[in-house]
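Hello,

Here is the structure I promised to pass on to you. Have a look at it first, and then read my notes below.

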Amino acid sequence: MNARALVAWNVRRIRVERGIPQDQLAYDAGIDRSHMGRIEQKKENPTIDLLERIAKTLGVHMSELFIQPAKGAMPPKPMSRGRKPARLRRTKT
């Protein structure tokens, strides 16, 4: 698995484990939701600065974004699509 695929896998894994919607993570990290989606789909090559912001927003060390998944590990299941919040709010950091 290349670095871009590792980042995509781990960002999504951590986000889903913590129950954070993609749009909320994007908002809290200060990027557009579609950009976050492209990162998780391996279509974008994020900068180190952006990876640092995403890791900080997720509450993990940046090295967590480069952990190899266990052999045979299944990708994280998508979160259920319920109603979106009326307005996203930044969380205090």
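Let's begin with Asp23, which sits in helix α2, residues 22–29 (helices are DSSP runs of H or I with at least four residues, numbered from the N terminus). Asp23 has a relative accessible area of 16%, so it is buried (under 20% relative accessible area, with a 1.4 Å probe and protein chains only). Its C-alpha lies 8.4 Å from that of Ser34, eleven residues away in sequence.

A word on the source: this is a predicted model, where local features need pLDDT of at least 70 and side-chain atom pairs pLDDT 80 or more, while totals for chains, interfaces and linings use all residues. Residues are numbered from 1 along each chain as its sequence is written, and side-chain values use heavy atoms, without hydrogens and water.

Next, the largest nonpolar core has 17 residues, and Val11, Met36, Ile54 and Leu58 touch the most other members. Such a core is a set of buried Ala, Val, Leu, Ile, Met, Phe, Trp, Tyr and Cys residues joined through side-chain atoms within 4.5 Å. Two or more residues come from each of α1 (3–17), α2, α3 (33–40) and α4 (48–58), and α4 gives the largest share, five residues.

Finally, how do α1 and α4 lie relative to each other, roughly parallel or roughly antiparallel? They pack at an angle of about 20°, with axes 10 Å apart (axes are lines fitted to C-alpha atoms over the stretch in contact, and angles run from 0 to 180 degrees between N-to-C directions). The two helices are therefore roughly parallel, a term for angles under 35 degrees.

Enjoy exploring!

Definitions and conventions: Buried means under 20% relative accessible area, exposed over 50%, partly exposed in between (1.4 Å probe, protein chains only). Angles under 35 degrees count as roughly parallel, over 145 as roughly antiparallel, 65 to 115 as roughly perpendicular and the rest as oblique.
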